[in-house]
Amino acid sequence: MSRTVEPFFPANGETVKMYFCGPTVYSEAHIGNMRAYLLSDLLRRTIKLAGYGVDSVMNITDVGHLVGDGDDGEDKLQVKAAAEQTTAWDIAEKYTELFFVDTDLLNIWRPDTVLRATDAIQEQIDLVQVLEAKGVTYATDDGIYFDTAKIGDYGKLTPNDTREDIDGGHRIDLGGKRNATDFALWKFSPADAKRDMEWESPWGIGFPGWHIECSAMAMKVLGETLDIHVGGIDHVPIHHTNEIAQSETATGVEFSRFWVHGAFLTLADGDKMSKSSGGPGLLTVRQLADQGFDPLDFRYWVLTGHYRSEIAFSLDNLQAAATARERMVRRVRALVEAVDGDLPDVADDPTYVEFCEAMADDLNSPRAIGALWSRLRDESADAAATLAVVAAVDQVLGFKLVELAEAAGGDVPPEVVALADERVAKRAEKDFAASDALRDQIKDLGYEVLDGPDGYTLEKI
Ligand code: AMP
Ligand code: ZN
């Protein structure tokens, strides 16, 4: 909110209440989306490193996000359901499942609480009723709207933008709206068509607007004031601005003490990778695995950039990250082989201290990774102390360094690992013929894949 780096601590001194906007589950999440979830993961892990608890909540947008990103057009899920000749419910289930396949592959911790918008309809209706009682809503032909002119500090998350700038980002055609920035809280179902997802409400049959779900769900689980709200930078001018307007009008208290927004992952030509614009540049984590990358290569690459800087994706960049990550694992393997016995305490280790300082300084992951590399290159350092540092800092980096170095099949050839990753991708897509064929290929190379709750393991036959 202040656009500066500020000291952070949770309001209750112990546990950080953290909310992040989840995916709209009408298609597969692309690697740009994954950058946003890597940010919330990195933040969560860093807060734990600092000794606080974290109570994290993420929503799943399975209703109400309209094609126009504003208040017009059809529901994104409903459009996809028509295209795939199924229901919006099936679309939501399919893409929610695939979302978690991807986050698991990237070693992103699952949120403590995941809530679907459709599981909190009553809370959203209740919140709209509170706003109605405060006199900041009005009805049009197609829904109940928030009147942004009724509150004095609308748009305070975008302090340098004038009202006209914000208005300019909206459609000129107001429809029945009083102000360009007004937004739908509840939309009426069309009179001539039945939606897959619709509910009774005091205003008739319909469905909630996109913004109200985040306010309702965040406050349902975490209370009226959050410590940190996280999301992609595109959410600043509209989605988060509207979350603030409706939450603070309803409760009279600050909605989130801190806001953390991540910059985009762009394509080489500088274009934002975006689901709605589609295009050939759209890539998923599973597609990267199909091309022989380990999903952790992508995690490594993203973390070598600072979250507030744009990063331009290319396969060359990813390949460079893959090479570096593999070198890192090899170096850790040498440490594992050299060390026998207990690891020393890391609290005063200079590399560990530097790593923590870098992460505490607005999540400076590039500097933190640089500190780790300096230590790994230092042949004169005590192997046990270095291994202890690796284990500690990887709680934040999430590269599975010790695990990969120690794995019984630690020297499984990379092509076998690549085939196993591709098999995960095919299974997620329910392409079982391809996944069985990959299992056979892996067998021919002398390995058996065993599936477990935390993913697969490879055993030498
Ligand atoms: P969506 O599923 O479209 O609601 O987006 C999910 C999250 O991904 C949001 O936090 C967006 O801000 C974020 N996001 C979308 N595109 C990109 C991108 N190209 N780079 C980084 N984050 C993105
Ligand atoms: Zn949100």
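How much area is buried between domain 1 and domain 2, and what share of that area do carbon and sulfur atoms give? The area buried between the two domains is about 320 Å², and carbon and sulfur atoms give 67% of that area, where buried area is the accessible area (1.4 Å probe) that two parts lose on being put together, summed over both. On the side of domain 1, Leu98, Val101 and Leu105 supply 73% of the area that this domain buries against domain 2, more than any other three residues.

This is a predicted model, in which local features need pLDDT of at least 70 and side-chain atom pairs count only at pLDDT 80 or more, whereas totals for chains, interfaces and linings use all residues. Residues are numbered from 1 along each chain as its sequence is written, chains are lettered from A and ligands numbered from 1 in the order in which they are written, and side-chain values use heavy atoms, with hydrogens and water left out.

Domain 1 spans 15-262 and domain 2 spans 410-461, with bounds that come from an automatic or database domain assignment. Their centres, taken over C-alpha atoms, are separated by 38 Å, and four residues of domain 1 are in contact with four residues of domain 2, contact meaning heavy atoms within 4.5 Å.

Across this interface the rule finds one salt bridge, that is, a side-chain nitrogen of Lys or Arg within 4 Å of a carboxyl oxygen of Asp or Glu. The side chains of Glu97 and Lys430 meet in a salt bridge at 3.2 Å, N to O.

The whole structure holds 31 salt bridges, and one of them joins the side chains of Asp102 and Arg286 at 2.6 Å, N to O. Because Asp102 lies in helix α3 (residues 88-105) and Arg286 in helix α8 (residues 285-290), this pair ties together parts that are 184 residues apart in sequence; helices (H or I, at least four residues) and strands (E, at least two) are DSSP runs, numbered from the N terminus.
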